[in-house]
Amino acid sequence: MEYKVGVIAGDGIGPEIVAEARKVLDRVGEKCGHIFSYTEILMGGCSIDACGEPLTQEAIAAAKAQDAVLMGSIGGDAKTSPWYKLPPEKRPEAGLLGIRKALNLFANLRPAYLYPELRAACPLRDEIIGDGFDMLIMRELTGGLYFGERKTETVDGKVKATDTLVYSEDEIRRIAIKGFDIARKRRKIVTSVDKANVLDSSRLWRKIVEEVAKDYPDVTLSHMLVDNCAMQLVKDPKQFDVILTENMFGDILSDEASMVTGSIGMLSSASLNETKFGLYEPSGGSAPDIAGKGIANPIATILSAAMMLRYSFDLDQEADAVESAVKQVLKDGFRTIDIFPQKGEDASGIKQVGTKEMGDAIAERI
Ligand code: NAD
């Protein structure tokens, strides 16, 4: 079958890491009889240079015409790049916010998986890590506190700032459905995280999530307060499969969960809309400090491509094959510089490789 993939290579290390993800997708295509046809889309700093703005209407239309979009990263060095002399709405990052909005990407997924070979990078104690952990944070991305009305005013001579946290039942229902659907592709456990002991929006969240759960009798649902969840993530991360939560809680918890896995170069992510369409990208930025050196870790982008296979194309076996190939290269001792053992750690049997060699090694193992 043919799949249309939009490719936003972007800036900095973006083009380098996306090239390796395409290499791996092409290998999957060869092995499994699929065709991935790519359409290059400009966004970010490179679009400012070419078109004078970070995201054009043509780019949005091109993205909408695809089955999914694979992205590298956008942006440059804020201190030295001329892009940051522009007003905020003209800077590279405005392109990212614009495309998320234009494509209605309301569900953000960030897996946190600990590879046994990278245990040393995990800041948790050995007895807490146990056999490792494998969870996915499902964060609502377009509602809640970050999108509510806000104002700063002076009342009786004192400055007062207000932010509002609003969720409608429809917004909660659609993310809950995504969460349960994705749990069905995993270990079938959903932990819904809220602050229902205080917030009305959380009480509505809990009620709607419970209603949705009735359609998924094979998935186990439990509720957890956000403060407890923040503790449990470092006390017993193994207990989690899918964490389903609202925008701000998800923002904080997904960073906490990713910190316990080690390197930023390993962290994939996806943002989905109501259809099967999604935008898939590594969690890291454009890393201007290492751009063009051929040393960036392409694994997060390759794992994002695996998520695309699983969630947009329903190619679960092919996604498994990519994830297994990543596990295998780590077992075989391949490391980019960011995941190379630190001084004092055992580096026997470990070889340092660049971006291309890592991509080749993964593609060979598909
Ligand atoms: P960053 O994630 O680009 O870099 C932080 C550190 O992590 C750097 O030392 C970098 O070398 C390292 N790093 C990141 N990805 C890596 C990889 N794949 N392999 C090896 N090392 C890697 O964050 P930053 O420096 O704060 O931001 C740089 C630019 O990226 C900024 O313009 C920022 O706005 C942008 N940014 C873009 C996105 C996105 O495109 N979604 C996300 C975050 C930041």
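Modeller: Valine 5 stands opposite alanine 68 in E3. This is a predicted model, where local features need pLDDT of at least 70, side-chain atom pairs count only at pLDDT 80 or more, and totals for chains, interfaces and linings use all residues. Residues are numbered from 1 along each chain as its sequence is written, and side-chain values use heavy atoms, leaving out hydrogens and water.

Colleague: In which sense do E1 and E3 pair?
Modeller: Parallel: strand E1 (residues 2-10) and strand E3 (residues 68-73) share five bridges. Strands are DSSP runs of E, at least two residues, and helices are runs of H or I, at least four, numbered from the N terminus. Two strands pair if DSSP finds at least two bridges between them.

Colleague: What order do the ten strands take in the open sheet?
Modeller: E2-E1-E3-E12-E11-E4-E5-E10-E8-E9, with mixed pairing. Strand E2 (35-40) and strand E9 (220-225) are the edges, each pairing on one side only.

Colleague: Switching to helices, which residues of H12 are buried?
Modeller: In H12 (residues 355-364), they are Thr355, Met358, Gly359, Ala361, Ile362 and Ala363. Buried means under 20% relative accessible area, exposed over 50%, partly exposed in between (1.4 Å probe, protein chains only).

Colleague: And what do those buried residues pack against?
Modeller: Helices H1 (14-32), H10 (299-312) and H11 (316-331), plus strand E13 (334-335). Contact there means heavy atoms within 4.5 Å.

Colleague: How far does H6 reach?
Modeller: H6 (residues 169-184) has 16 residues and reaches 22 Å from first C-alpha to last, close to the 22 Å expected at 1.5 Å a residue. That expected span is 1.5 Å times one less than the number of residues.
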